[in-house]
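Subject: Two-chain model, handover and notes

Hello,

Here is the model I said I would pass on. My notes follow below it.

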Amino acid sequence: MASLSHKDLLGIAQLSVEDINLILDTADALRQIADRPVKKVPTLRGKTVINLFFEPSTRTRSSFELAEKRLSADILNFAASTSSVSKGETLLDTARNLESMAPDIIVVRHGSAGAPHLLGREFRSSIVNAGDGMHEHPTQALLDALTIREFKGHISGLKIAIIGDIAHSRVARSDTILFHKLGAEVWVCGPTTLIPWEYDRLGAQISGHIEEVLSAADVVMMLRVQHERQNEAFVPSTREYYNFYGLTRERLRLARKDTIVMHPGPMNRGVEIDSDVADGPSSVILNQVANGIATRMAVLYLLSGNAGLKPKRQVR
Amino acid sequence: MQLIIRQGKIVDPSQKVNKVADLGIDDGHIQEIATHIRKKGRKEIDARGLIVAPGFIDMHVHLREPGREDAETIETGTNAAARGGFTGVACMPNTMPVNDSEAVTSFILERAREVSKIAVYPIGAITKGSQGESLAEIGEMKRAGIVAISDDGRPVQNNQIMRRAMEYSRVFDLPVIDHCDDKELAAGGSMNEGYYSTLLGLRGINPAAEEIQVIRDIILGRQTRARVHIAHLSTLHSLQALVRARHDGISLTCEVTPHHLLLTEAQVTSYDTNMKMNPPLRSQEDVDALVAALASGTIDAIVTDHAPHNANDKMLEFDRAPFGVVGLETAVGLILDRFVRTGVLTIERMVQQLSTNPARILKLDRGTLAKGAWADVTIIDPALQWEIRSREFQSRSRNTPFEGWKLRGGPVITIVRGKTVWSA
């Protein structure tokens with residue numbers, strides 16, 4: 001049985017190119033299960049997976065849940081709202097309780113960067129990071145890569161533009177690191193208030209002008225702009241943002257005909273992306289959703305034998 | 001004679017002494033330094049191969065009492081200090097309640113008299129409740145025994161208030177110690193802003209948050225002629241601003257911590273909350289500049305910013321955990337091993353930064369082995385081999401970033417007013 005070289009999937013940063021390709025190839029193979037009349041395989045029968053979500057999430061949690069069900073795992077959904085934390089229970093206490101139920105895998109989403117790493121260090125079960133603060137969202141990046149491979153055949157050599165609120169996006173970070181590892185030319189684009197000035201050291205080139213990056217891009221990844229950021233004076237107004245960074249049909253004409261448009265969701269139609277682009281022929285946004293399930297099945301399958309593996313020493 | 005310390009290498013920058021000799025102590029005071037004292041001491045210490053220095057003073061610690069006795073008490077904190085080679089500590093006012101009144105100052109000194117084997121020098125708040133809005137009763141606190149004022153941890157943002165504080169401090173001849181931190185620029189940050197905060201997805205604390213306040217203090221210090229002291233200076237540009245100010249004839253003093261001299265922001269990669277402090281661990285460039293300034297004497301004092309936290313409070317998500325690390329029991333060994341043994345820092349300078357200068361900045365009658373001075377003495381073994389193990393701490397808290405570090409050199413005997421209060 002193939003498996004990953006890690007106990008946990010904490011982020012793209014820790015993965016080797018071999019690990020990444022193993023996940024993508026496995027996901028490719030698992031994708032056809034969705035086309036069967038009986039969409040279920042016994043791969044994880046007898047294994048227990050806990051979905052531990054400290055932040056509200058519909059799509060990511062549903063995607064994991066369906067992936068787990070299609071692999072025949074036993075599932076426990078645990079939605080720990082941040083209010084239960086304010087009632088006094090710490091993350092470790094909550095997780096320790098669940099760990100004593102002997103799960104094989106814990107899928108965790110948390111508002112704090114590094115929360116899954118804390119659990120990974122303390123527990124024997126495999127931890128899958130389903131999004132930690134502004135840090136990483138590795139399964140999203142992997143499903144993005146799977147989608148690009150599906151439409152472009154490869155990732156190496158492609159020019160990929162990630163446009164929007166880079167600073168607060170865990171997807172942007174995981175995507176950048178992943179695409180860079182796989183040999184793509186990554187551009188991040190947005191208002192300079194929303195791009196950390198050291199982003200180039202993650203392997204991306206930086207641009208403040210959407211026209212510049214669109215004209216050469218093979219892949220355009222639009223990111224959601226959060227309204228609340230306006231209060232922190234990152235951008236003057238939603239209207240100005242749309243005027244300078246919104247992906248409209250006119251702007252998309254600057255790109256090549258075979259350029260694909262992606263979005264990790266949820267979308268703000270009319271802010272970062274127009275409806276006729278989101279629903280247009282270049283959009284592969286719904287393919288991303290379908291690939292999400294296959295990718296998460298692959299990750300769960302490849303980690304399912306790894307509980308109890310010694311975590312690798314982190315840089316000290 | 002009460003005590004004679006025989007044949008140690010006496011290093012006392014206050015008298016420019018650096019020689020092997022006997023040190024005689026009687027009635028809690030220094031009697032003489034002589035090549036050989038003929039009299040017998042009631043007690044004698046064989047200090048061959050050891051360094052004998054005026055007692056070390058950590059001018060920046062948090063003792064947590066009153067209010068957070070679960071993390072540290074005056075008793076455990078001062079025991080930790082004694083074990084770490086310190087004969088005196090200046091404690092910051094951010095207790096609960098804040099030390100912003102004569103009553104709290106008196107309470108701290110009263111407790112210290114009861115339980116502490118070393119000297120405790122309270123620092124009073126600048127503003128009431130360290131709220132940054134109106135001046136605390138600085139004069140009354142001075143009368144009760146404070147040695148400086150500071151709103152450490154909740155620094156004064158309002159420039160007018162800071163100006164008034166500096167003006168007012170002159171009447172009472174108190175240094176104004178500022179934890180330089182622009183609240184808005186630092187808002188929500190939990191580590192240094194830069195490549196690593198970008199990599200780790202943690203909100204950064206812009207180094208400008210410190211630098212802007214350092215420059216403000218330089219300007220206000222020039223105008224008010226207050227005795228401004230910059231707490232735990234941590235960036236290259238803060239340092240450059242300070243050097244320029246001194247070049248322009250403005251006198252101000254500053255301190256650094258061992259963790260800012262020995263660790264960088266890269267340590268945060270593991271999300272270990274023992275790497276979380278304020279100011280945060282900075283870049284290698286900053287560390288290199290601080291080390292050079294330590295060696296040249298630009299840095300006046302080495303302090304620990306000893307900030308004990310209960311393990312439950314620290315075992316949290318990185319961005320939710322409190323800032324701060326303990327340091328009293330590790331500082332001297334770390335400086336000896338990493339800077340003195342390696343030839344970066346002379347032993348004379350180290351003693352200046354740990355004793356002579358803190359005493360001078362706080363105007364304490366300490367920091368010297370001159371005849372007649374209080375006999376506060378720190379004895380160091382430069383060859384001592386040891387490992388930092390937090391379970392052996394006297395401190396009630398264990399939050400050290402240096403767990404497991406193997407060191408050569410450390411404090412072995414701490415003497416306060418002629419009495420041995422700790423020995424290895």
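Which residues have the most contacts inside the largest nonpolar core? They are Phe56(B), Ile230(B), Leu261(B) and Met350(B), in a core of 95 residues. Please keep in mind throughout that this is a predicted model.

**Cores**

Helix 12 of chain B, residues 331–340, gives the largest share of this core, with 7 residues. Apart from this core lies another one, of 61 residues, which includes Ala27(A), Leu71(A), Val107(A) and Ile155(A).

**Sheets of chain A**

One open sheet in chain A has 5 strands in the order 7-6-5-8-9, with parallel pairing. Strand 7 (204–207) and strand 9 (260–262) each have a single partner strand, so one side of each is left without a neighbour in the sheet. On average, neighbouring strands of this sheet are turned by 20° against each other, direction ignored.

Within this sheet, strand 8 (residues 219–222) runs parallel to strand 9 of chain A and is joined to it by 3 bridges. Val220(A) has Val261(A), in strand 9 of chain A, as its bridge partner. Helix 6 of chain A (residues 138–152) packs on the sheet and touches strand 5 (159–163), strand 8 and strand 9 of chain A. The direction of helix 6 makes about 165° with that of strand 9 of chain A.

A further open sheet of chain A is made of 4 strands, ordered 2-1-3-4 and paired in parallel. Its edge strands are strand 2 (74–79) and strand 4 (126–132) of chain A, each of which pairs on one side only. From one strand to the next, the twist averages 15°.

Strand 1 (residues 48–53) and strand 2 of chain A run parallel and are joined by 6 bridges. In this pair, Ile50(A) stands opposite Leu76(A) of strand 2. Helix 5 of chain A (residues 115–122) lies across strand 1, strand 3 (105–110) and strand 4 of chain A. Helix 5 runs at about 170° to strand 4 of chain A.

**Interface**

How many residues does the contact take from chain B and from chain A? Chain B gives 20 residues and chain A gives 31 residues. About 2,200 Å² is buried between the two chains, and carbon and sulfur atoms give 56% of that area. Of the area that chain B buries against chain A, Tyr195(B), Thr198(B) and Tyr271(B) supply 26%, more than any other three residues.

**A hairpin in chain B**

Strand 17 (residues 406–416) and strand 18 (residues 419–423) of chain B pair in the antiparallel sense over 4 bridges. Thr414(B) stands opposite Trp422(B), which is in strand 18 of chain B. The two strands form a hairpin with 2 residues between them, and in the turn Arg417(B) has a positive phi of about 50°.

**Backbone points to check by eye**

Most residues other than glycine have a negative phi, and most peptide bonds are trans. The places below depart from that pattern.

- The peptide bond from Glu65(B) to Pro66(B) is cis, with omega near 5°. Pro66(B) lies in the loop between strand 6 (56–61) and helix 1 (74–83) of chain B.
- Asn278(B) and Pro279(B) are joined by a cis peptide bond, with omega about 0°. Pro279(B) is in the loop between helix 9 (258–262) and helix 10 (284–296) of chain B.
- Tyr271(B) has a positive phi, near 55°, and is not a glycine. Tyr271(B) lies in the loop between helix 9 and helix 10 of chain B. Its relative accessible area is 5%, so Tyr271(B) is buried.
- Ala102(A) is not a glycine either, yet has a positive phi of about 55°. Ala102(A) is placed in the loop between helix 4 (91–99) and strand 3 of chain A. Its relative accessibility is 52%, so Ala102(A) counts as exposed.

Regards

Conventions: Residues numbered from 1 in each chain as written. Chains lettered and ligands numbered in written order. Predicted model: local features only at pLDDT ≥ 70, side-chain atom pairs only at ≥ 80, totals over all residues. Heavy atoms only, no water. Core = buried A, V, L, I, M, F, W, Y, C linked by side-chain atoms within 4.5 Å. Buried < 20%, exposed > 50% of the residue type's maximum accessible area, 1.4 Å probe, protein only. Pairing = 2+ DSSP bridges. Axes fitted to C-alpha atoms, helices over the stretch in contact; angles between N-to-C directions. Contact = heavy atoms within 4.5 Å. Buried area = accessible area lost by both parts, 1.4 Å probe.
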